[in-house]
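Here is a short briefing on how a protein holds its ligands. Look at the structure, then work through the points below.

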Amino acid sequence: MIRHSTCCLCEALCGIVVHTDGRSVTAIKGDPDDPHSRGHICPKGVALQDLHEDPDRLRQPVMRSGTEWRTVSWDTALDESARRIEAIRNAHGPDAVALYAGNPLAHNYSALLFGPPLLAALATRNRYSATSSDQLPHMFAALQMFGNQFLLPVPDIDRTKFLVILGANPAASMGSLMTAGDPLKRLKAIRERGGTIVLVDPRRTQTADVASEHHFIRPGTDPFLLLAVLHVMFAEHEVSYGPWRSYSSELEQLEKVASRFSPERVAAATGMSAEVIRELARRFCRAESAAFYGRLGTCVQAFGGVNAWLLLAINILSGNLDRPGGMMFTRPAVDLPRLAGRGSLRGTFDRWRSRVSDLPEFGGELPVSALAEEIETPGNGRIRALITIAGNPVLSAPNGARLERVLPSLELMISMDPYINETTRHAHLVLPPVSPLERDDFGLVLSSVAVRNVVKYAPAVFPPGPDGREDWDIASDLAARLYARRRDPVAFAMRPALAALRRLGPRNALDLLLRSGYYGRGVLPFLRLFRAGTRAHGHPALSLRALVQAPHGIDLGPLEPCFPERLRALGNPTINLAPLVLLKDIGRVEAALVSASAPRGDTLLLIGRRDLRSNNSWMHNSPRLVRGKPRCTLLIHPSDATSRGIGDQDIVEVTSRTGTVSAPAALDPGIMPGVVSLPHGWGHHRSGARLSVAARTPGVSANDVTDEKHLDELTGTAGFNGTSVVVRRAQAPNESVAAELGQEVAQS
Ligand SMILES: Nc1nc2c(c(=O)[nH]1)N[C@H]1C(S)=C(S)[C@@H](COP(=O)(O)OP(=O)(O)OC[C@H]3O[C@@H](n4cnc5c(=O)[nH]c(N)nc54)[C@H](O)[C@@H]3O)O[C@H]1N2
Ligand SMILES: Nc1nc2c(c(=O)[nH]1)N[C@H]1C(S)=C(S)[C@@H](COP(=O)(O)OP(=O)(O)OC[C@H]3O[C@@H](n4cnc5c(=O)[nH]c(N)nc54)[C@H](O)[C@@H]3O)O[C@H]1N2
Ligand code: SF4
Ligand SMILES: [Mo]
């Protein structure tokens, strides 16, 4: 038997064909008829089979006493969870119960649609998620400039003539905020049609193999580069407002700021010559079409917010926003910016701050950098219970080691997760969802950042196992049980509402969203009620049924210019080119530029990296993915290695303010001198986790040495990249390490 589905692991949304003998998988292949991915699949997609069959994957809820886990029924697990959450809430208030939501939720439409009732029932200000370890700056800039955190333009890579890739490695990540089936093939096509790809990255990654040129940039210095590009654009009158002149405000402020950052002034700090920067700006502006695409490397560092803003500004002022071949907006079948409406879902910032470090709220969440200290620090408002959903912050949060130390002090921890891993081993209850092949799939989030408008619904490949429940069902059931224990008017109102919502279920909810969307059939088709816009020609009018009848998905066509109508429809008359909060942050950029010339002593700057066969922290229990040579190595430039007496494959100690890890060194001329790279998501040797394959795989957690205090002070986004470290050969005399770090801290 074959079933068509979508791989849920990364953002590429590959169509897959799952071959089964009814109950188990016999093979997983790429779907050649998927109009989006056209047959592409990577090793992780094939390894969905390992995930599905993994004996370590939990099939039933488990409850811990001491180090012993016992299986319990769903009723027991959910009642016990609700009882214990309510006890802590009643004793210490709602903020005592924290919630952390991880990355896989972005790939889980039903959990996204049916998770909010749990958020509402908890009503805590202590909400955290992987957003603050990731794309928060892009959402922040979209909110400040367009008035909607979901209006994220994507590079139109299928048509562009000039693409700059700053701090992204699609060869490994398969694209991020740029959902594109087979991104490498699409990138290669840019050059085949005579276009140019410029990669700017502290490492010559595999993406360099498809780029026309690669330039090193020192980690954390991106705002200098971006300001210098703008400087050249203004100074040489390359600014072409395109259609934007009448919709943009605060242009003069931006020009004034950029005028202070000439290419000559930033050259030494960035490690890029003034001539390279100047030429980059000129070529970018003169290209027939161009997209300046910046991603994770520009986000998870000291200037994430400023970077995201300047990236948008460059695209706007070169006339490349919302034009074919530039940075464009999607028009997905279910439109998140429109769904967000005019209320707080459009985005919020700084409505409250974290108790200990005074870090700002964004979108109802606090930065994950604050999580450990909020658990650790006594006083009013201290976190006493933590619920994690699809997250592994012990391995993924900055200074995860600190979090690991404080988790055992919690009075209650509940995890919705299929594994007992480095984080969830501290939970009192683990509530496991079904495997991805046992639930249906719809690209709610990812099709809104896809390089073409695409839509696909994939029914579950297998029915759920005997005790299997989906995330949406677990979360909303828990919410219902929390309300059932309360006596207040909100709870009285919410009980029937939630019961009705659960009866509706995610499938019907999706159908309504599709029908009322841009390409929808309408909710009452013959009356055409609630249809958002005019249907594009040549596609069936959308409903869930129409999608079920198109098992490979439907291509709704290339991205189309949609401004200013779309901006207006979302309630925003203009684009703010220089939002005040961002302008103010330029003071910090100036200070960093001044201190960038100070001597660095013996310290190196740590950055991360991704690998095609690895997926954040959680696919390392797949035997086929972890085979082969160790991947958790420290890349170091030969000159930095030689000066430290380090040879290839020597074990080195990497020490930061927060800790030390050991890893084999890999000498690599492709990494910038002064920079070292360690991938994150490893370190599965911790006792108490139930990951038999991963535990045998060597590797340490990069987040044992990243620093929760090194962050983007404006947005609170984690600053994984650019962490100061000292690297020594293991067993080498070690006394001077502390002295070096002391010096570094004094400098910063
Ligand atoms: N040093 C460093 N740290 C980083 C990064 C970096 O580049 N460098 N990258 C950051 C980024 S971009 C991100 S997104 C974060 C990710 O950070 P997290 O989201 O905290 O971590 P993941 O490793 O994605 O772990 C996902 C967890 O979800 C579980 N899971 C998988 N599928 C499901 C599901 O369908 N339902 C449920 N309930 N659980 C599921 C897995 O078992 C695992 O425990 O890490 C960040 N951390
Ligand atoms: N195979 C695989 N695919 C994945 C994931 C995975 O773990 N494995 N994770 C998924 C997730 S959660 C995400 S968010 C995406 C991320 O996808 P991408 O945004 O493509 O991120 P990375 O692959 O981490 O590439 C970031 C690049 O930034 C560079 N860099 C580091 N510091 C700096 C800096 O200061 N400035 C600049 N300019 N560059 C810098 C790094 O060298 C690296 O090449 O990938 C997704 N896809
Ligand atoms: S690139 Fe790999 S992990 Fe990403 S969606 Fe495709 S098959 Fe899945
Ligand atoms: Mo991410």
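A polar contact is a pair of N or O atoms within 3.5 Å. The model shown here is predicted. Keep the cut-off in mind for the distances that follow.

**Ligand 1**
- Ligand 1 is surrounded by 30 residues, and the closest include Tyr100, Asn103 and Asp417.
- Asn703 places a polar side-chain atom 2.9 Å from a nitrogen atom of ligand 1.
- On its own, ligand 1 exposes 920 Å², and the protein buries 97% of that.
- Domain 2 (62-124 + 336-443 + 453-557) and domain 4 (599-747) each give at least three residues to this shell.
- The shell has 12 nonpolar, 13 polar and 5 charged residues.

**Ligand 2**
- Among the 33 residues around ligand 2, Ser173, Asp201, Asp222, Ser614 and Asn616 come nearest.
- A backbone N or O atom of Ser614 sits 2.5 Å from a nitrogen atom of ligand 2.
- A polar backbone atom of Ala172 is 3.0 Å from a nitrogen atom of ligand 2.
- For Asn169, a backbone N or O atom lies 2.9 Å from an oxygen atom of ligand 2.
- Helix H7 (170-173) and helix H13 (296-299) each supply at least two shell residues.

**Ligand 3**
- The residues around ligand 3 include Cys7, Cys10, Cys14, Cys42 and Met174.
- By class, this shell has 9 nonpolar, 1 polar and 1 charged residues.

Note on methods: Residues are numbered from 1 along each chain as its sequence is written. Chains are lettered from A and ligands numbered from 1 in the order in which they are written. This is a predicted model: local features need pLDDT of at least 70, side-chain atom pairs count only at pLDDT 80 or more; totals for chains, interfaces and linings use all residues. Side-chain values use heavy atoms; hydrogens and water are left out. A residue is near a molecule or strand if one of its heavy atoms lies within 4 Å of it. A polar contact is a pair of N or O atoms within 3.5 Å; within protein, one must be able to donate a hydrogen and the other to accept it, and residues adjacent in sequence count only if both atoms are side-chain atoms. Helices (H or I, at least four residues) and strands (E, at least two) are DSSP runs, numbered from the N terminus. Ala, Val, Leu, Ile, Met, Phe, Trp, Tyr, Cys and Pro count as nonpolar, Asp, Glu, Lys and Arg as charged, and the others, Gly among them, as polar. Accessible areas come from the Shrake-Rupley method with a 1.4 Å probe; for residues, only the protein chains shown count as cover. Domain bounds come from an automatic or database domain assignment.
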